[in-house]
Each structure stands twice: as structure tokens, then as C-alpha cells.
Amino acid sequence: DSTFDISIGQRVLNNELISSGTIPVYSANVYEPFGYMNATILRDFTLPSVVWGIDGDWMTNYIPENVVFNPTDHCGVIRVLSDNISAKYLSLVLFEAGKKMRFSRTLRASRDRIRGIALVLPTKEVQFATVETFKKLEQQINAAQKILDSAFARKQAILDKYLQ
């Protein structure tokens, strides 16, 4: 309907990727760029995007407005055209809906299947409050992950200090 603009990217070949490119290319993994280019098929980045992997492990991601990217034919893009829906909130509930539908490598999350999902969303205020809570939790998770990531190096430094 007129609430969402739903599209799918175009095929991108390895030889089209540029090591010095500035535009990330997202494929079925919507968290890590597949590579980089200096062009995109999308034209308008004034709205945030919700991206989903069509035929890999089920995942969704939120890309803020004014962030330029290029989707492959394994990446779907949703733009919310209503002020009453938070795109970040949509990415969260779409992820949960896709898990319930068991989207996977074998049950592809095609554009038609995504369009067929019916979601009942709370008020705009509840959506934005939930997103703020989620952002705080993400920050805590990221801080904890940094500690975990540095643990090996700290352990090795202690071993080096006392075993020399």
C-alpha cells in the first residue's frame, strides 16, 4: 500500500566491486557489506531504510536516513512513507515476524512474502519509546562486546609480563 515502498536490489558481480569504493553493498547478510562500489541503484536517501536478506539466514537491519548504500538482488529494502511508523521499530518487528514465518535459505523472504506480512503496530509514542530502550540495550551490549574483544589481548599481556 502507500505506507511502504518495497524494493529489491540488482545483481552485483564480484568484478563490479571496487576495493577503494565508498558505497557499501549489502546482500543477504544485511549487517556486513558484501563489498564496495562508487554507485548505487537507489536515488533517494532522505528516509531511513529497513533492509532484509532475501535468501540467506533470516536477518533485518536498519539503515538511517542519508546513509548511502547499494542493495544486491539478495537484499530487500523497505522505506516507511508514514510518520506514524518508526522504521527502526519496523526492523525489529519484521525480524520477529520473519522468525515466526521461518524465513531461511530454503524458505526465501521474497518481496511478495514480505508484502503479505500483516503487522499490528502500537502507537507512534510506544514505538519510539521501545526504540529508545532498544538503543540503550544495544549500547550496553556493544560496551560488553568491547570488553570481551579486548580480553584475549589483556590476558596475553599478563602472560607475557609474568612468563618472561
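Three strands come together in an open sheet, running in the order E3-E2-E6 with mixed pairing. At its edges sit strand E3 (35–37) and E6, each of which pairs on one side only. Please keep in mind as you look around that this is a predicted model.

**Where Tyr26 sits**

E2 and E6 pair in the parallel sense over two bridges, and Tyr26 stands opposite Pro71 in E6. In general, the strands of a sheet pair through backbone hydrogen bonds, either parallel or antiparallel.

Beyond its neighbours within four places in sequence, Tyr26 is in contact with several residues, including Tyr31, Ile63, Phe69, Asn70 and Cys75. Asn70 is part of strand E6 (residues 70–71). Leaving aside neighbours within four places in sequence, the contacts of Asn70 include Ile23, Pro24, Val25 and Tyr26, and also Met37.

**The aromatic rings**

How many aromatic pairs does the structure hold? There are three. One of them joins Phe45 and Phe69 edge-to-face, with 5.9 Å centre to centre and 70 degrees between the planes. Phe45 lies in the loop between E3 and E4, while Phe69 lies in the loop between E5 and E6, so this pair ties together parts that are 24 residues apart in sequence. Ring pairs also link Tyr26, Phe45 and Phe69 into a cluster.

**Helix H1**

Now for helix H1 (residues 87–101), which has 15 residues. At 1.5 Å a residue, H1 should span 21 Å, and its end C-alpha atoms are 20 Å apart, so the two values agree. Buried residues in H1 are Ala87, Lys88, Tyr89, Leu90, Ser91, Leu94, Ala97 and Gly98. What covers them? The cover includes strands E1 (4–8), E4 (49–53), E5 (60–63) and E7 (75–80), together with helices H2 (111–115) and H3 (124–162).

After H1 comes Arg102, which has a positive phi, near 65 degrees.

Methods. Residues are numbered from 1 along each chain as its sequence is written. This is a predicted model: local features need pLDDT of at least 70, side-chain atom pairs count only at pLDDT 80 or more; totals for chains, interfaces and linings use all residues. Side-chain values use heavy atoms; hydrogens and water are left out. Contact means heavy atoms within 4.5 Å. Helices (H or I, at least four residues) and strands (E, at least two) are DSSP runs, numbered from the N terminus. The expected span of a helix is 1.5 Å times one less than its number of residues. Buried means under 20% relative accessible area, exposed over 50%, partly exposed in between (1.4 Å probe, protein chains only). Two strands pair if DSSP finds at least two bridges between them. Rings of Phe, Tyr and Trp (its six-membered ring) pair if their centres lie within 6.5 Å; planes under 30 degrees apart count as stacked, over 60 as edge-to-face and the rest as tilted.
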